[in-house]
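Thanks for coming, everyone. Please look at the sequence and the model on the screen, and then I will walk you through a few places.

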Amino acid sequence: MARMANPAYSTWSTTTGASALATAKRARGLRACRRFSDGQGKKTVARCGARFGLRCPAYSSRVSTVVGTSSSLACAASFSRKPFARSVARVSDRQQEGLCVVGLRQAARGGCVKASGKKKDDDNPYSDTVLLPQTDFSMRANAKAREPELQAWWRENQVYEELLRQNRSAGGDNFTLHDGPPYANGTLHLGHAMNKVLKDIIVKHRLLKGKSAAFVPGWDCHGLPIELKVLQSLKSKERKGLTPMSMRGKARDFALKTIGEQAEQFKRYGVWGDYEKRYQTLDPEYEAKQLEVFGRMFMEGHIYRGLKPVNWSPSSRTALAEAELEYPPGHKSRSIYVAMPLAETKAEALEGLEASLAIWTTTPWTIPANLAVAVNSEIEYAVCKMEGGGSSHLIVASDLVESLSEKIGRALSIVAKLKGSELEGCTYKHPLYERTSPVVIGGDYITTESGTGLVHTAPGHGQDDFQVGQKYGLPILSPVDNAGRLTSEAGEEFEGLNVLGDANEAIIAALEREGALLLEELYEHKYPYDWRTKKPTIFRATEQWFASVDGFKKDALDAIDSVEWIPKAGVKRIRAMTSDRSDWCISRQRKWGVPIPVFYKKDSGEAIVTEETLKHVIDLVREKGSDAWFELPVEDLLPESLKAEASNLTKGEDTMDVWFDSGSSWAGVVSAREELNYPADLYLEGSDQHRGWFQSSLLTSVAVNGCAPYKTVLTHGFVLDEKGAKMSKSLGNIIDPKNIIEGGNNQKKDPAYGADTLRLWVSSVDYSSDVLIGPSILKQTSEIYRKLRGTIRFVLGNLHDFNPESDAVSYDSLPLFDKYILHQLVTVQEEVDSNFESFQFSKVFQTIQRFNVVDLSQFYLDVVKDRLYIRGSDSFERKSCQTVLKHMLDTLLPMIAPILPHLAEDAWQNLPFQTSSKSVFLHGLAEAKSEWKMSGADLQELEILRSVRSEVNRVAEIARKDKLIGSSLEAKVVIRTDSQELHTILSKYSESANGVDELRYLFICSQVDLKEGPAGEGVTEIPEVGTFRATIERAGGLRCARCWNYSDTVGTFGDHKELCDRCHPVVQGKKAVANVAA
Ligand SMILES: [Zn+2]
């Protein structure tokens, strides 16, 4: 077990920001002391142990004020009981022994073995009468070892499953956060970690609130990236021998192996879920559900087959979805200006003229597929005489005459003007082929921003071109094969040339030869690339399967409006992306995927899909998985009624776009499982999923069921490095989440922070935009973690002799100071819960952090140390405080558990009293006791007292600097006020019957003197109350050897001349008990 630290050290760390890591080095004595800074890197804070509870100057004062060498003096004082008397070296020796006070007590109970060898120092006869904290809960998280232990304990005790059962049987509502499946390919990065931790925080919070919040982790398993991984892993000989089935087998193995590895990582982050019943898009049942979605859409008429230009990647020989494209900067195309000579004209302005249409294109290879020139009916065009062009004229948009003239270096003089609409119906001759084509009216995409205002139109190679072609009944010519080579349809001259390579060269040369080329120039623009091969793509018409989004676009837009989008800007993004989107090409020419279950007639190529064929195939897939499609002969894939026709049919070879796979997860998982809500309560992914999973899920769900698959969609930004740069291999700034948890190769540079620190970081950032992480951010986060751990340890340690059954003090009997901190606790509890509900975790983080540092460490826990250590074990002063500390644990531990599950559980396992729940999670969130909220005069008075306390702290620090006092217990605080109201309030607390609600304890000084009358110079104002002035004098009387308070009563007790009136009865009581025992 971990060696016990002197509790006084650890409680300090909550106050001072001193590093707990250094606590572990405490045995090195002063060397460790000096290592502690106050967080601002300036002051060295004393970490002397206040051994035996004796108050050294540092201990009893606000630690942040102890600077420089006073730390060593403070230590010396605590060990020698003669302030400032001992040498530094002596302190160092002594400190090592001093550290073991608690250890010895532990040893007596069979605890700390290491410490038991140390000899107890009994310089102080009262050492055993002081009640120091005791706990096995270590200051060090030791996360690398401890977190896996806790996770194993959760598994063995089935805490997640038990909690779900408990919530279900109590009638808790379902809450469904549906997991967007990560791709089962490669290692996880910080974006994955942030995503899964955010989800887990939400799920754990809802579970703690009593909801039936099952979380089913999922994985996206099919598609090209995995196929590529498999291909890359094979030697070229093996690759040649690969059959579709052996490829699929290897791809499946690869996906399953990756899933296993990723699942272990997610579990290590502390992410809970039904890992046993996880969903995988390669599961037969899932595939069957996906095919049902396809079937329903088919039967509704939303699926069709068509020749259509799609984004085609010649490098991977497949069609690509919009989401699979990227637009790297700096792409340059060979753009050309071409003259297309008019054949027939109806426009008067052109009668008798020899004229050509000037067109411009950035894809010369599409010239063979040119079937029209489109103009904008609203734009004005000019007929220009071209210098040196004989009798020939050029037609170009009026606005572009000048720029074109400059480009081609020839004067253009306008001879006539006409509207675009007047050009419609003219025909022109193709410069390379014996054919004429029409001038057509295009859409708004034709502008005068660049080019000539006349658009080269190839319906087989462009989206707008295709639309216009449909309107005018043009054929869809696409003389390019899968590999991107021109086919015989392009003519003998060009057949076999690569459209991304030598085809452009040849076509430009031919145009020049025919005298049609006006100009060639390089043109830099956005151009789509294949996101995997990083090679340019082309638009190419192929036979593909489509989901006709137009058919249900309006419903989809209505469904978008019914969803809550967080942040709100998300609705605009998805609305724009959905309303702009054209039909969804869902077919891919790959092997590793779910087949599109279609048969084709061998003779006519006609596609056969019926309700019966669908059902038969779906049943087969449900039973054998989608391998069945690839493995079985056509006859077996056909239903009884069609078997006879098997010889005339073939099965389709296309597989589905993986976005259709993951986009069907609402059907494969959410609506398929009883414990989940459909529509799901929440989808939560990166903001890039507006065009990815959010949209594909929406489209399939709307097409089949007419509703969105989710009620709320939450998006988060991306993880950047500390300077705001994208993480990349080339920059070398990638932070592996595994290294944050387990530490890097150099543990000094990259210490093992543990999953809780990673999770605390996730909670701390504003994830609505991009978030930053790096070594210094992690270090700060771990400091915050340690402070919280220190607070929890202090509270646990001070409850070692508390039995809630018999010792608890009723709320009504509690001192006001205690009621006040319970008021703060309930306020924090409500604030935290509402921020958890609205997914504002950074506010949860800030609220807990502020409560811990400002209200607990620097205030309440600082003030109550005296009560806890000095008062008798059965005293009201101690028991009332312990009652509060128990409430604190009951509330705080479940409250932080969604973010810091390991810390909360570790503390729960170390509770020094019996509880009805074996896990903090089974305990659930504590009920917020609104009756603990204070109001009116009491609350106002306590807030005023806190203001006065800050001022007293300030002047005490000056007094210490001026060496008027060493510790605050040497002080008498004098408060002068001319405010009747303030005087009355302060007087109320000058002496109290309960021994708690007193100013001297609040200020941690020995005496307080209240004076009425003019406060004089340097007053402090409390708004609406009045002004006061606090000054420090040396306290009167002698110092008590046990509690270090100064009192006139020291010296008045015959049997214990060194004790004060508070300590005397405690020590006597102890003795009496000891005698009885003897
Ligand atoms: Zn005393």
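First, a term: a residue is buried if its relative accessible area is under 20%, exposed if over 50%, and partly exposed in between, using a 1.4 Å probe and protein chains only. Next, the ground rules. This is a predicted model, where local features need pLDDT of at least 70, side-chain atom pairs count only at pLDDT 80 or more, and totals for chains, interfaces and linings use all residues. Residues are numbered from 1 along each chain as its sequence is written, and side-chain values use heavy atoms, with hydrogens and water left out.

Now the whole chain. The protein chain has 1078 residues, and 59% of them count as buried. It holds 40 helices and 35 strands. Those are DSSP runs, numbered from the N terminus: helices are H or I with at least four residues, strands are E with at least two. A contact means heavy atoms within 4.5 Å. Take the contacts with a separation of 6 or more: 75% of them join residues 24 or more positions apart.

On to the metal. Which residues hold the donors of the zinc ion? They are Cys 1040, Cys 1043, Cys 1060 and Cys 1063, each through SG, at 2.2 to 2.4 Å. Donors here are N, O and S atoms within 2.8 Å of the metal, or 3.2 Å for Na, K and Ca; water is not among the atoms, so sites may look incomplete. Along the chain, the spacing reads C-x2-C-x16-C-x2-C. The site is tetrahedral, with angles of 105 to 113° among its 4 donor atoms. For four donors, that label needs all angles between 85 and 135 degrees. The ideal for four tetrahedral donors is 109.5 degrees.

Are these cysteines buried or exposed? Cys 1040 is buried, at 0% relative accessible area. Cys 1063 is buried too, at 0%. Cys 1060 has 2% relative accessibility, so it counts as buried. The whole structure has 0 disulfides, meaning pairs of cysteine sulfur atoms within 2.5 Å.

Helix α12 spans residues 224–233, and its buried residues include Leu 224, Ile 226 and Leu 231. The buried residues of α12 pack against α13, α14 and β5.

Thr 781 lies in helix α30, residues 775–797. Thr 781 counts as buried because its relative accessibility is 5%. Leaving out residues up to four places away in sequence, Thr 781 touches Thr 757, Leu 760 and Trp 761.

Methods:
Tetrahedral: all angles 85-135°; square planar, octahedral: opposite > 155°, others 65-115°.
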